[in-house]
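Here are my notes on this two-chain model, point by point. Have the structure open while you go through them.

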Amino acid sequence: MTFTYEIEGGNFSRAGSASSDIKKALKQLDLDYNIIKRVVVSIYEAEVNIVAHARRGTLTADIDADGIVVVLDDEGPGIPDIEAAMTTGFSTASPRVREMGFGAGMGLPNIKKNADSLHIQSTVGVGTRLEIAVNFK
Amino acid sequence: MKIPLLMQLLEARLVCGDAQNHPSVEHAFASDLMSDVLTLDTCSPLLITGLSNIQTIRTAEMADIHTLLLARNKKATPDMIALANQNNMLLLETPFSIFKTSGILYQNGVKPVY
């Protein structure tokens, strides 16, 4: 199964709707509760990051019997220092993002904690690509 | 702790959900930071928060939290209530502070997540 979603930067009223759809699809697959939660938390953190930092983005999720691979591409400022961005507490979030309960520099570390693999590519001034994979077995 | 007792202790108002038949609360976690909520490993604690916006409910959905309490007299918005109903959540409001709310629940046997 493949799911693709457009994500609008800055639109917090819609943030998480793609993750919610994917969660519903995963619940149909009779997967372990903890696996679903790890997947959903990872995707949601990444989706919120696009809403918080980018102009727009796409999320594509490929699900098969072995696991899920989610690719998130955004058009945005990019990440100048990925190593720093992976450090808990490092944040460039705006006050508005913080008002929504995010922007504490915990998103990328939490994705890494929950995913079996996380790859980040970023070009400053162009955008960022995250590839998140979680194995079902 | 059963929800009707929790409501009585906290002078809480039911916003949506079925207080009589909702599962009892064993553990609770208090935070205004949704990023912290997303790091929890505990299964379905009560979330006590003063953050009242749509992402409060969305975060609860992702974290498999089904019982939410808005403290500090914060009010749920219509979009929050709609999303909470879609996810079969119980949503409450209390005029008490997070500190007072947490103290009362702890004193009456509700356990911390960590």
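1. Let's start where the chains meet. Across the interface of chain B and chain A, the rule finds 2 salt bridges, a salt bridge being a side-chain nitrogen of Lys or Arg within 4 Å of a carboxyl oxygen of Asp or Glu. Asp64(B) and Lys23(A) are joined by a salt bridge between their side chains, at 2.8 Å from N to O.

2. A word on the ground rules. This is a predicted model, where local features need pLDDT of at least 70 and side-chain atom pairs count only at pLDDT 80 or more, while totals for chains, interfaces and linings use all residues; side-chain values use heavy atoms, with hydrogens and water left out. Residues are numbered from 1 along each chain as its sequence is written, and chains are lettered from A and ligands numbered from 1 in the order in which they are written.

3. Back to the interface: 14 residue pairs are in polar contact between chain B and chain A, both at pLDDT 80 or more. (A polar contact is a pair of N or O atoms within 3.5 Å; within protein, one must be able to donate a hydrogen and the other to accept it, and residues adjacent in sequence count only if both atoms are side-chain atoms.) On the side of chain B that touches chain A, α2 (34–37) and α3 (54–62) of chain B each supply at least two residues. Helix α3(B) gives the most, with 6 residues. Helices here are DSSP runs of H or I with at least four residues, strands are runs of E with at least two, and both are numbered from the N terminus.

4. How much area do chain B and chain A bury between them? About 1,900 Å², with 53% of it on carbon and sulfur atoms; buried area is the accessible area (1.4 Å probe) that two parts lose on being put together, summed over both. In chain B, Leu38(B), Gln55(B) and Met62(B) lose the most area to chain A, together 33% of what that side buries.

5. Have a look at Asn110(A), which sits in helix α5 (residues 107–114) of chain A. Leaving aside neighbours within four places in sequence, Asn110(A) is in contact (heavy atoms within 4.5 Å) with Val41(A), Glu45(A), Leu38(B) and Thr39(B).

6. In α5(A), 6 of the 8 residues are buried, so the helix is largely enclosed by the rest of the structure. Its buried residues pack against α2 (33–53), α3 (82–85), β4 (117–123) and β5 (127–135) of chain A.

7. On the cores: the largest nonpolar core has 66 residues, and among those touching the most other members are Ile68(A), Phe102(A) and Leu91(B). A nonpolar core is a set of buried Ala, Val, Leu, Ile, Met, Phe, Trp, Tyr and Cys residues joined through side-chain atoms within 4.5 Å. To this core α2(A) gives the most, with 11 residues. A second, separate core of 20 residues includes Met7(B) and Val110(B).

8. Finally, two backbone angles to check. Asn73(B) has a positive phi, near 65°, in a residue other than glycine, and Asn73(B) lies in the loop between β4 (67–70) and α4 (78–86) of chain B. Phi of Asn88(B) is also positive, near 55°, and Asn88(B) is exposed, with a relative accessible area of 64%.

Notes: Buried < 20%, exposed > 50% of the residue type's maximum accessible area, 1.4 Å probe, protein only.
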